[in-house]
Amino acid sequence: MTQKSAEELAKKQREISIAEFFEKNRHLLGFDNPRRALLTAIKEAVDNALDACEEAGIMPEINVELIQLSEDRFRIIVEDNGPGIIKKQLPNIFAKLLYGSKFHKLSATRGQQGIGISAAVLYGQLTTGKPATVISKTGPDNKANRIKIKIDTQTNKPQILEEKEEEWEGKDHGTRIEIDMEGSYMKGRQSVDEYIKETAIVNPHTTIIYTNPEANQIIFPRAVEELPPEPKEIQPHPYGVELGRLIKMLEITEAKTLQQFLTSEFVRVGAGTAKEICENSSLLPKTKPKQISREMAENLYKGIQKTKIIAPPTDCISPIGSEDLEKGLRKEINAEFYCSTTRPASVYRGNPFVIEAALAFGGDQAADSSVRIMRFANRVPLLYLQGACAITNSIQNTSWRSYGLQQSKNSLPVGPCTIVVHMTSVWVPFTSESKEALAHYNEIIKEIKLALQECGRKLASYVNKKRRIGEEAKKRSYIEKYIPHVADALKEIMELDDNKKKDIEDNLYEILEHTRGELEEIGIDNPDYDPELANIGREEKPKKEEQEREEKVNSKKEEKQTKLA
Amino acid sequence: MTKNSPVVEKIKEVAAGVYDKIRKLKQPEMEMPIRSLNNVDYNDKNGYFELLGKTKTRTLTASTIKTFAQTLRMMSLSKDLVNSDDIATKREAYYVSKNWGEARFKEQPESDAVMDDIEAMMAVNREQIGFIPEEKGGAVAGELIVIDKDQDTGKNLEIDCTKFGSGAYSVPSSVEHLKFKTKAKFVLAIETSGMFERLNKHKYWRKSNCILVAMGGVPTRACRRFIRKLADEMNIPVYVFTDGDFYGYFNIYRTLKVGSGNAAHINEYFCVPQAEFIGITPQDIIDYKLPTHPLKEVDVKRAKDALKNDPFVKHYKEWQKAAEQQIKMKARAEQQALAKHGLNFVIDKYLPDKLKNKKTWLP
């Protein structure tokens with residue numbers, strides 16, 4: 001092998017644009033196969049739409065349309081009634097990766113990084129070569145702006161292909177995005193239909209009008225006439241900040257002194273705590289932030305860990321509420337028993353969070369397969385990567401046997417049961433940018449398990465009651481089995497006639513019925529059940545083999561893609 | 001139809017009580033004595049376990065209805081048997097129940113228990129309600145003539161118990177009609193057939209002028225009644241010879257002497273208060289240097305249980321001392337262990353010695 005000089009090698013060394021990186025690593029963002037790409041694109045658009053409406057205090061009304069252009073090509077259209085986006089920002093928001101309003105703040109919104117929707121635009125552009133179209137209107141008196149944009153994958157900058165003002169009849173304000181992309185539309189647990197439905201369930205204040213490729217329009221009307229409390233933005237808690245971020249914050253802060261930096265940039269840090277941190281870091285409170293070296297920053301970081309700081313406020317997050325969560329579950333699943341719980345707020349790495357769980361047992365659900373899990377994070381359904389999620393892990397590590405479900409060690413319980421877990425936090429830790437699985441933080445797992453145990457205990461008392469009633473019914477049939485024998489024997493001993501024997505039997509029924517009381521009836525009593533809703537997203541051929549085959553195809557495609565990369 | 005026997009009257013009375021309650025829409029009940037050691041007392045005067053009068057009430061509920069139905073059906077069967085002057089063995093009664101559909105017995109112990117309940121409820125002897133056991137009453141050899149009746153002719157039949165050679169006379173399941181002729185000085189009741197065979201083979205009964213009875217474990221009712229009648233009517237003492245263990249003391253000997261807790265209402269007739277225990281006592285194990293087996297945990301448990309709960313043991317200090325002595329020794333010895341000193345040691349030395357020395361006996 002010939003040796004190469006550093007200069008020769010240097011010819012090949014150059015900057016990689018984020019767009020280029022995405023192009024090769026689209027699976028990280030959830031665009032690894034056509035079916036998932038379609039879902040991810042819609043999900044990003046809907047997340048943004050909901051966030052925008054809620055931030056502006058508008059009751060969301062989202063219109064989602066999926067049009068099949070050819071066998072593997074679709075147009076997705078997502079339109080909201082949000083506040084709109086000013087002309088200047090349109091290109092950056094939709095065609096620049098890592099551009100957004102939510103990364104630098106901590107509040108319980110759906111979007112986080114500012115990657116999602118631009119990634120969808122980029123994916124459309126890569127698979128069809130076509131630009132995305134965005135229309136936005138900011139008020140009844142303004143005209144709408146329509147642009148056609150692409151992303152320059154070299155520079156990660158928006159490329160505007162067409163731009164014009166136009167009237168948008170019948171719309172006071174809102175934004176609409178249309179992206180053409182390669183995709184595959186299928187029903188099932190990981191389908192667009194399922195995502196839309198679950199979104200409607202956990203966002204009861206939202207109206208969603210969804211038109212699927214078969215041109216069926218489904219309307220999910222809002223069930224609650226009130227917006228959830230606006231998620232409050234909080235400053236980061238010192239415990240939640242990593243060294244790199246700390247250095248960055250020191251660079252850009254406007255504070256004049258270290259003490260001022262600590263009190264103004266962080267939550268729960270007053271003058272006293274700030275001084276204590278400085279002392280623990282062997283730094284002077286009056287040090288200028290700009291003059292803090294990397295070593296000093298590291299001292300500061302360690303000092304923070306040494307200092308006792310109160311947990312962040314928890315009123316900045318608003319859970320769905322156990323009642324609404326249960327209501328949503330009742331619509332989706334026809335069961336005998338429901339329960340739900342909302343845990344008090346807790347903290348991981350300085351980020352406050354709340355875990356909610358709900359459970360539906362019995363009824364129409366299959367008793368011989370693993371329980372169904374519905375996962376949500378900040379009101380967003382998580383449909384992929386179930387196995388990698390801390391929620392799944394917590395369910396597996398909870399002992400369900402004592403709650404009346406079957407379970408082999410460290411696996412999902414088996415039984416006619418659906419388990420819902422929702423995490424709300426100012427920063428939901430995902431295992432990857434595709435935001436489909438919660439990371440395994442001990443504090444989070446602990447809270448999930450506590451919520452599951454609360455539900456589990458309620459489930460156990462129901463399962464026990466059900467068993468008791470079952471046994472009682474069995475006992476009664478047992479009684480009835482022997483009544484004729486008592487009557488027969490008495491008839492024989494006392495030489496009674498058949499009428500008297502009949503009297504004995506009748507009386508015995510009455511006596512035993514009287515002493516045992518009425519038998520309590522149990523069964524499905526769920527007026528909220530919405531079979532039409534429940535059917536949405538269900539596979540037409542609910543055969544296991546089909547699903548497995550589909551999964552195989554998907555994983556093969558993934559392999560191919562990684563090879564190509 | 002002939003006039004009803006008292007048993008049938010009693011059965012009808014119980015059934016009428018149940019019927020009456022049902023007609024009044026009340027939960028029917030049946031009352032019967034509790035059959036356990038807790039419900040018996042021992043006093044010297046009578047010499048047997050007496051019923052204390054604790055009763056259990058079987059109310060018709062979900063958990064009792066099956067047994068309730070079975071008890072009534074069994075009473076009905078008993079009524080038929082008595083009325084037609086027939087009998088059924090316990091096993092046969094169990095098979096009759098197979099006609100009762102869902103109410104049939106799965107295993108014979110279930111039907112035996114129901115039968116015992118009825119027997120106790122009626123306060124009569126099992127035979128009087130038409131049921132007989134299949135069990136043998138024991139083997140007899142020695143200086144005794146049993147006077148039985150020929151089943152066909154009704155003539156007296158004299159059976160000489162010295163004339164069975166290496167075999168023996170077998171006690172029938174019902175012994176009330178038997179009469180005896182004997183000049184023997186005592187009855188020797190023996191636990192094991194093995195020891196009985198040895199004594200019989202060497203005509204020990206001739207040598208010491210006695211009657212040998214092999215109980216074959218815990219004596220059956222017939223065996224107890226046979227020995228009792230024999231002892232009462234011929235006015236001769238009864239000596240008991242068992243293994244040197246708690247089973248021999250508190251199951252075999254105690255049941256023979258004072259009866260059982262299970263059928264206490266009939267103990268009066270099915271016990272031998274004059275019985276005395278000659279061996280093997282715990283002291284014998286030491287005195288005769290007998291080879292032993294270690295006591296098992298269940299043996300010790302049985303002894304402690306007897307010390308605590310058996311009214312008979314609680315009455316006799318001698319037995320308490322013996323039991324404690326044996327628990328301390330942690331050993332037990334079998335009758336056959338005497339063979340260590342020669343096969344006929346038991347005949348030549350042990351029994352003559354023991355019979356001479358009343359002080360080595362236990363009450």
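I count two residues as touching when their C-beta atoms, placed from the backbone, lie within 7 Å. I kept that in mind throughout, since the model here is a predicted one.

**Entry 1: the core around Ala45(A)**

I began with Ala45(A) and looked up its partners beyond four places in sequence: they are Ile76(A), Val78(A), Ile117(A), Ala120(A) and Ile177(A). Ala45(A) also turns up among the residues with the most contacts inside the largest nonpolar core, together with Ala41(A), Ile42(A), Phe94(A), Ala357(A), Leu359(A) and Leu438(A). That core has 105 residues. Helix 3 of chain A, residues 34-56, gives the most to this core, with eleven residues. A friendly reminder to myself: in soluble globular proteins, nonpolar side chains tend to be buried together.

**Entry 2: one side of helix 8 in chain A**

Next I checked which residues of helix 8 (258-265) of chain A are buried, and noted Leu258(A), Gln259(A), Phe261(A), Leu262(A) and Glu265(A). Why do I put these on the same side of the helix? The arc they cover around the axis is only 165°, which places them on the same side of helix 8 of chain A. The general rule is that an α-helix has 3.6 residues a turn, so residues three or four places apart point the same way. I then asked what covers these buried residues, and the cover includes helix 7 (243-252) and helix 9 (271-280) of chain A.

**Entry 3: hairpins in chain A**

I followed strand 3 (132-137) of chain A into strand 4 (144-152) of chain A, and they pair antiparallel over five bridges. A hairpin of six residues joins strand 3 to strand 4 of chain A. Within this pairing, Val134(A) stands opposite Ile147(A). Strand 4 of chain A also pairs with strand 5 (157-166) of chain A, antiparallel, through nine bridges. There, Lys150(A) has Gln159(A) as its bridge partner. Four residues separate strands 4 and 5 of chain A in their hairpin, and Asn156(A) in that turn has a positive phi of about 55°.

Most residues other than glycine have a negative phi, and most peptide bonds are trans. That made me look at Ala215(A), whose phi is positive and near 65°. Ala215(A) sits in the loop between strand 7 (207-211) and strand 8 (217-220) of chain A. Arg379(A), likewise not a glycine, has a positive phi of about 65°, and lies in the loop between strand 12 (372-377) and strand 13 (380-382) of chain A. Is Arg379(A) buried or exposed? I get 26 other C-beta atoms within 10 Å, so Arg379(A) is buried. Ala215(A) has 10 other C-beta atoms within 10 Å, so Ala215(A) is exposed. The cut-offs I used are 20 or more for buried and 12 or fewer for exposed.

**Entry 4: Pro352(A)**

I found Pro352(A) in strand 11 (351-361) of chain A. Pro352(A) counts as buried, because 25 C-beta neighbours lie inside 10 Å. What does Pro352(A) touch beyond four places in sequence? Its contacts include Pro312(A), Pro313(A), Cys316(A), Ile317(A), Val347(A) and Val426(A). Pro352(A) and Val426(A) are 74 residues apart in sequence, yet 6.6 Å apart in space, C-alpha to C-alpha.

**Entry 6**

Of its 363 residues, 43% count as buried. Among contacts in chain B with a separation of 6 or more, 73% come from residues 24 or more positions apart. I noted an open sheet of six strands in chain B, in the order 10-7-13-12-14-15 and with mixed pairing. Its edge strands are strand 10 (169-170) and strand 15 (275-279) of chain B. Strand 12 (186-190) and strand 13 (210-214) of chain B run parallel and share five bridges, with Val187(B) opposite Ile211(B).

Last, I looked at where the chains meet: the contact takes 23 residues from chain B and 18 residues from chain A. Helix 1 (6-23) and helix 2 (65-83) of chain B each supply at least two residues of the side of chain B that touches chain A. Helix 2 of chain B gives the most to that side, with nine residues. By class, that side of chain B has 15 nonpolar, two polar and six charged residues.

Key:
Residues are numbered from 1 along each chain as its sequence is written. Chains are lettered from A and ligands numbered from 1 in the order in which they are written. This is a predicted model: local features need pLDDT of at least 70, side-chain atom pairs count only at pLDDT 80 or more; totals for chains, interfaces and linings use all residues. Ala, Val, Leu, Ile, Met, Phe, Trp, Tyr, Cys and Pro count as nonpolar, Asp, Glu, Lys and Arg as charged, and the others, Gly among them, as polar. A nonpolar core is a set of buried Ala, Val, Leu, Ile, Met, Phe, Trp, Tyr and Cys residues joined through C-beta atoms within 7 Å. The arc is that of the directions from the helix axis to the C-beta atoms. Two strands pair if DSSP finds at least two bridges between them.
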